[in-house]
Amino acid sequence: VTMRLSLPGVLFLALTAFIIQLHHLSELPPDAERVYADSLSDPRRGLVSDVLLANESAALVDLLEAQRVVHENGIGDGQLYGLRLYDLVVLNVSKDLRRLVLDVRQRILRIVRAHFNDSTIVADTTHMTLRKASTAAFSHGIHCDNCMFIPVTRTCHELERACCAWRHFSALLYLSASDGGDFVFSDIPPDNHYFGKMTHTFVRPAPGRLVFFSSGPENLHGVTQLRSGHRHAFAMWMTRNASYEERAEFLEDPPADLMQ
């Protein structure tokens, strides 16, 4: 269920944040049985392996780790570090690595377009991420990519003038294995009964494994606890709305004033 929420409604969401976090835990207990998927039967989702060669995964992991060190030395520690396309230019990342990022981006787009049989799909955001271990039950709580999911009511609200109602498809390409940090789909029972038990499908991180899906409330998802080390991923969000298309051509020939 998708609903439109006015800005005053945000106050209500803030006041119920604590309840929401408790509900996140009740929906997926830490000791819940993990049913891992090697394929996804729901046509609104896809899972593909070996999207990257081993040396390509390693190169992108090295890039994220190197920039994490610079980031932490400069402004402190954090649980999530990310690089967007513009950052690759500002940080003077090598042309070979920039081309690899563009190539990987196009591979993901081709796979998603083919799966959904839609050539109008374009990228709206590319974000390479390094997620660090924490004690939280979730590295990223159950959510939806184009509306705000409220676990207490099991509804999804489209916030006025807020991100990201234009997103239609999402993808996450793993660059490394990890100790925890599993991707999880959480499915609401068909009758959406509040006391109905949600079912969960897990995808274990592995280098070159791509999980993708339509971005609406039909694909609620999150990330389980990352117990140790780092999890590296190449995330993309996509849209059918060309006005939100992410520009990427500047990676091939960046303006001189950015390469400093």
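Predicted model: local features only at pLDDT ≥ 70, side-chain atom pairs only at ≥ 80, totals over all residues.
**Entry 1: a strand pair**

I started with strand 4 (residues 122-132) and strand 15 (residues 230-239), which pair in the antiparallel sense over 10 bridges. Strands here are DSSP runs of E with at least two residues, helices are runs of H or I with at least four, and both are numbered from the N terminus. Two strands count as paired if DSSP finds at least two bridges between them.

Residues are numbered from 1 along each chain as its sequence is written, and side-chain values use heavy atoms, with hydrogens and water left out.

Six strands form an open sheet in the order 2-12-8-15-4-3, with antiparallel pairing. Strand 2 (45-48) and strand 3 (80-84) stand at the edges with a single partner strand each, so one side of each has no neighbour in the sheet. The twist averages 20° from one strand to the next. I reminded myself that strands of a sheet pair through backbone hydrogen bonds, either parallel or antiparallel.

**Entry 2: helix 5**

What lies across strand 2, strand 4, strand 8, strand 12 and strand 15? I found helix 5 (residues 95-116) there, running at about 55° to strand 15. Angles like this go from 0 to 180 degrees between N-to-C directions, with axes fitted to C-alpha atoms, for helices over the stretch in contact. Contact means heavy atoms within 4.5 Å.

I checked the helix length too. The 22 residues of helix 5 should span 32 Å at 1.5 Å a residue, and the end C-alpha atoms are 32 Å apart, so that agrees. The expected span is 1.5 Å times one less than the number of residues. The buried residues of helix 5 include Leu97, Arg98, Ile108 and Phe116. Buried means under 20% relative accessible area, exposed means over 50%, and partly exposed is in between (1.4 Å probe, protein chains only). Just after the helix, asparagine 117 takes a positive phi of about 50°.

**Entry 3: the cores**

A nonpolar core is a set of buried Ala, Val, Leu, Ile, Met, Phe, Trp, Tyr and Cys residues joined through side-chain atoms within 4.5 Å. The largest one has 36 residues, of which Leu88, Ile108, Met128 and Phe234 touch the most other members. Helix 5 gives this core its largest share, nine residues. I then followed methionine 128: leaving aside neighbours within four places in sequence, its contacts include Leu60, Tyr81, Leu88, Val101 and Phe234.

I moved on to another open sheet, where four strands run in the order 5-13-10-11 with antiparallel pairing. Strand 5 (138-143) and strand 11 (199-203) are at the edges, each with a single partner strand, so one side of each is left without a neighbour in the sheet. Here the twist averages 25° from one strand to the next.

Three bridges join strand 10 to strand 13 (residues 221-224), and five join strand 10 to strand 11. Phenylalanine 183 stands opposite valine 203 in strand 11, and valine 184 stands opposite glycine 222 in strand 13. In a regular strand the side chains alternate between the two faces of the sheet. In strand 10, Phe183, Phe185 and Asp187 point one way and Val184 and Ser186 the other way, and all are buried.

**Entry 4: tyrosine 36**

Is tyrosine 36 buried or partly exposed? At 31% relative accessibility, I have to call tyrosine 36 partly exposed. I located tyrosine 36 in the loop between helix 2 (17-27) and strand 2. The C-alpha atoms of tyrosine 36 and phenylalanine 202 are 4.7 Å apart, though 166 residues separate the two along the chain. Leaving aside neighbours within four places in sequence, tyrosine 36 is in contact with Asp182, Phe202, Val203 and Arg204.

**Entry 5: cysteines**

I searched the whole structure for disulfides and found zero. A disulfide is a pair of cysteine sulfur atoms within 2.5 Å. For cysteine 144, the nearest cysteine sulfur is that of cysteine 147, 3.3 Å away. Cysteine 144 counts as buried, at 7% relative accessibility.
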